[in-house]
Amino acid sequence: MDLLKVSSGIMTAIMSIGAVSSIHVTDVLAKTVSITPDTQYFEDPVFAGYIFANYDTDLDQVLSEQEIKSVTRIDCPGCGLTSLKGIEYFTNLSYLDCSNNQISKLSIKKLPRLVYLDCRNTLIKKVDVSNCPGLYQAKLRGTCKEDKAEGYKSYSLIKDPAATLKVGNDTAIETEKGTLSGWIDIGVKYYYIHGRPVKSWKLISNKWYYFSKNTCCMVTGKKHIAGKYYLFTKAGVLRKKGWRQYKDDWYYLNASGYAVTGWKKIGKKWYHFSKKGIMACNEKKKIGKKTYKFNKNGVCTNR
């Protein structure tokens, strides 16, 4: 669809056909409009400046439909903000850190995908999280719950939390009725939410992923799980059977996806893999009572 740039001429034309003359959050949800960095949308010019500096990718001073939808993370601690009016337009937002600012009010009713919230050291006294079913990590200035276990104060205004879990050095809160499902990006770590954060193995779109039982983060690279070594792509997908290289080493993965160890005959050639699944190559190696030779391709030449 064509992008709409809000100007007095366009607004006059809209009014002439009986449309509304101002844009509200419900309009953003109902149909896409564009946003400009003025007081019609933002109360605090500093907040408007942050949004446009980070998400106005074509530098035209107008946020298009695509740019609005791309806003999933707002990370603005200690920026001297006094108001977050306008945040309600970014309904794909999953991460919000507005800590250490002079903000007295915060409405997240229009942010159903929000999973992380930090508004410590602000003037906010109350936050309604009833419309954020997937919110599972909250650091709020309040009086409902205080946790000093990690050496800091964190408050939660979430009613009846089902459980707490560890996410790095933070204390996270799971909502009992969490229904958010899908990938969530928090910084450079990825989570998959299905009501609650997934731990352990998860089959997603016919691909296997593994999420840390301690942090709930998606695993990448090489991972030791239940006595076996597995390899994952940068996107977190479990690598399939066959020869796989990780950094400078070669591995051979079996049908279950984990690296083989010990002797392995592949085709008509013998190979040997360490306890960590690393193939022996270009070396002499004593195995049992005999010393074996392995060429640069890892093939044993004297077995």
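Student: What should I know before we start?

Tutor: Residues are numbered from 1 along each chain as its sequence is written. In this predicted model, local features need pLDDT of at least 70 and side-chain atom pairs count only at pLDDT 80 or more, while totals for chains, interfaces and linings use all residues; side-chain values use heavy atoms, with hydrogens and water left out.

Student: Why is Asn 101 called buried?

Tutor: Buried means under 20% relative accessible area, exposed over 50% and partly exposed in between, using a 1.4 Å probe and protein chains only. Asn 101 has a relative accessible area of 1%, so Asn 101 is buried.

Student: Where is Asn 101 found?

Tutor: Asn 101 lies in the loop between β2 (95-97) and β3 (116-118). Strands are DSSP runs of E with at least two residues, numbered from the N terminus.

Student: Which backbone nitrogens does the side chain of Asn 101 reach?

Tutor: That side chain reaches the backbone nitrogen of Cys 79 at 3.0 Å and the backbone nitrogen of Gly 80 at 2.9 Å. For a polar contact, a pair of N or O atoms must be within 3.5 Å; within protein, one must be able to donate a hydrogen and the other to accept it, and residues adjacent in sequence count only if both atoms are side-chain atoms.

Student: Is Cys 76 buried or exposed? And what about Cys 300, buried or exposed?

Tutor: Cys 76 has a relative accessible area of 1%, so Cys 76 is buried. Cys 300, with 9%, is buried as well.

Student: What makes β12 and β13 a pair?

Tutor: Two strands pair if DSSP finds at least two bridges between them. Strand β12 (residues 200-204) and strand β13 (residues 207-211) have 5 bridges, in the antiparallel sense. Trp 201 stands opposite Tyr 210 in β13. The two strands form a hairpin with 2 residues between them, and Ser 205 in the turn has a positive phi of about 55°.

Student: In what order do the 4 strands of the open sheet come?

Tutor: Their order is β1-β2-β3-β4, with parallel pairing. The edge strands are β1 (73-75) and β4 (137-139), each pairing on one side only. As for β3 and β4, they pair over 3 bridges in the parallel sense, and Tyr 116 stands opposite Gln 137 in β4.
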